[in-house]
Amino acid sequence: MTHCDSLADRWRSARPPVAGLHLDSAACSRQSLAVIDAAARHARHEAEVGGYVAAEAAAPVLEAGRAAAAALSGMPDAEVVYTTGALHALDLLLGGWPADRRVVACLPGEYGPNLAVLAAHGFERRLLPTRDGRLALDDAAFVLEEDPPDLVHLTPLGSHSGVVQPVSMVARLCAELGLPLVVDAAQALGQIDCAVGADVTYSTSRKWIAGPRGVGFLAVRRDLMERLHPRLEPPEWTSPLSVARQLEFGEANVAARVGFSCALGEYLACGPDAVRARLAELAAAGRTVLADVPGWAVVEEAEEPSAITTLAPTDGADPQAVRDWLLSRRRILTTYAGVQRAPLELSGPRLRISPHVDTTAGDLETFAEALIAATAATG
C-alpha cells in the first residue's frame with residue numbers, strides 16, 4: 001500500500017460514509033466523526049455545567065486551535081482571533097484598520113464578496129498586473145514600488161480557479177517594500193503551503209481543514225494588532241481587554257470552535273505535506289481525464305499544484321443546469337461558479353470540482369462519464 005493510499009484510507013475511515021460522490025471540498029469538506037463528536041460533547045457539557053463554565057473548561061483546546069492556525073500561517077507569534085468565517089475576519093480587520101488613507105492593491109480575480117467588503121470600508125482598489133490569471137511578479141514589484149498602497153490583499157487561490165498565486169514571493173516582496181500583506185487563505189489553507197509569514201492571514205474551517213461551518217480565524221502580527229482600532233468599544237463594565245479579545249468579544253458558538261481545533265489537529269497529524277501532495281496528484285489525474293470531455297475546457301494546466309479544477313463550457317452548456325442534474329440524477333456534488341465569484345475576471349460561469357484526499361481515480365472516471373451524460377441531458 002502506498003503512502004497516498006494509506007492517507008486516503010485513513011481520511012475516509014474517519015468519516016461517515018458519503019451519500020453519493022463528494023467533489024465539493026472547496027465549498028465544504030466532510031467532517032470527521034471525531035470533529036463531530038468534539039463539538040457535540042462540548043454542547044452536552046454546556047447543558048451539564050452551563051455555557052460559560054464549559055467555555056472556560058475548553059480554553060486549552062481553543063488555545064491549541066489558535067496555535068495551530070498561527071503555525072499553518074507561518075506566524076507563530078501572531079495573535080489569533082476566532083471568527084464566524086473568512087468574510088467576517090476581513091470585515092473585523094478592515095473595520096479596525098489604522099490608516100486614514102485607504103488604498104488596497106489586489107488581483108483582478110479577487111473574490112467578489114471581498115471586493116464588496118473592501119468597498120464598504122472605503123478602500124480604493126488598484127489592480128495588480130497578471131498573465132493568464134497569475135500575478136506578474138516583476139511588473140507588480142514595479143507598480144508597488146512606484147505608488148505604494150496602504151496594504152496588499154492577496155488571495156492565493158480563488159474560488160473560481162485552481163491557479164496558484166506566488167504567495168511566498170509576494171510575501172518577500174512586500175517585506176522588502178515595507179507594505180502590509182493580508183492573505184485570504186480561505187481556499188488556500190490546507191491545500192497549498194500558507195506558512196509565508198504575512199502580516200495578516202485569515203481563513204475558514206469548513207473547506208480543506210474539514211471542520212464545522214460557521215467558524216474561522218484572523219491571525220495578525222502583534223505589532224499590527226496593537227495598531228488596530230476595533231469599531232465596537234468594549235462595555236465599561238468589562239475588565240480591560242486586549243485588542244484581539246475586543247475583536248473576539250461577544251456571543252460565540254464555542255462548540256464549533258472546539259470542532260475546528262480538533263480538525264486542525266487531525267490535519268496536522270495527517271501531515272500537511274502529504275495532504276497537499278495527494279490533493280495535487282488527484283487534481284492532475286482529474287484534469288487529464290476531463291481534458292477529453294466534449295463541450296468543456298479545463299481552465300488549469302494539468303500540473304497546477306492545487307486541488308481545484310474548473311471547467312468552462314465551450315459549446316453552450318449551462319454550468320448551473322449541469323450541476324443540478326449531476327446532484328439530482330447521480331448524487332454527485334459539484335459547484336456552480338458564477339461570475340460573481342470573480343466579477344473583475346470571469347467572463348462567464350464555470351463548473352468546479354474539488355476532491356479531497358479520499359477521492360479515488362475511479363471516482364474521477366465516474367464523474368467524467370456523468371459529466372458527458374449531464375451535458376447531453378441539459379443541452
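**Group meeting: helix packing, a pocket and a cavity**

I'll start with helix 11 and helix 12, whose axes come within 5 Å and cross at roughly 80°. That makes helix 11 roughly perpendicular to helix 12, a label for angles of 65 to 115 degrees, where under 35 is roughly parallel, over 145 roughly antiparallel and the rest oblique. The axes are lines fitted to C-alpha atoms, for helices over the stretch in contact, with angles from 0 to 180 degrees between N-to-C directions. Helices are DSSP runs of H or I with at least four residues, strands are runs of E with at least two, and both are numbered from the N terminus.

Some housekeeping: this is a predicted model, in which local features need pLDDT of at least 70 and side-chain atom pairs count only at pLDDT 80 or more, while totals for chains, interfaces and linings use all residues. Residues are numbered from 1 along each chain as its sequence is written, and side-chain values use heavy atoms, with hydrogens and water left out.

Back to that pair. Tyr267, Leu268 and Cys270 of helix 11 meet Pro272, Ala274, Val275 and Arg276 of helix 12; contact means heavy atoms within 4.5 Å. By class, this contact has 6 nonpolar residues, no polar and 1 charged. Here Ala, Val, Leu, Ile, Met, Phe, Trp, Tyr, Cys and Pro count as nonpolar, Asp, Glu, Lys and Arg as charged, and the others, Gly among them, as polar.

Helix 11 also packs on helix 4, at an angle of about 50° and with the axes 9 Å apart. That makes helix 4 oblique to helix 11. Their crossing is left-handed, meaning that the near helix is turned anticlockwise from the far one by less than a right angle; clockwise would be right-handed. On the helix 4 side, the contact residues include Ala64, Gly65 and Ala68, and on the helix 11 side they include Val254, Arg257 and Ser261. The contact divides into 11 nonpolar, 2 polar and 1 charged residues.

What about helix 12 (residues 272-290) and helix 14 (residues 361-378)? Their axes come within 10 Å and cross at roughly 30°, and the crossing is right-handed. Leu282, Ala285, Gly286, Val289 and Leu290 of helix 12 touch Leu364, Glu365, Phe367, Ala368 and Leu371 of helix 14. That contact counts 8 nonpolar, 1 polar and 1 charged residues.

Next, the open space. The largest pocket holds about 630 Å³. Of its 18 lining residues, Tyr52, Ala55, Gly250, Val254 and Arg257 are the closest to its centre. Helix 3 (51-57), helix 4 (59-72), helix 10 (243-248) and helix 11 (254-270) each give at least two residues to the lining, which has 8 nonpolar, 2 polar and 8 charged residues.

Which residues line the largest cavity? They are Leu128, Leu135, Ala140, Leu144, Val152, Leu154, Val170 and Leu173. Helix 7 (137-146), strand 7 (151-154) and helix 8 (167-177) each give two or more of the lining residues. The lining has 8 nonpolar residues, no polar and no charged.

For both terms, the search uses a 1 Å grid over the protein atoms alone: a cavity is a set of points where a 1.4 Å probe fits but cannot get out, a pocket is an open set with protein on both sides within 12 Å along at least five of seven lines, and lining residues have an atom within 4 Å of a point. Points are joined across faces, edges and corners, and a volume is the space filled by probe spheres set on them.
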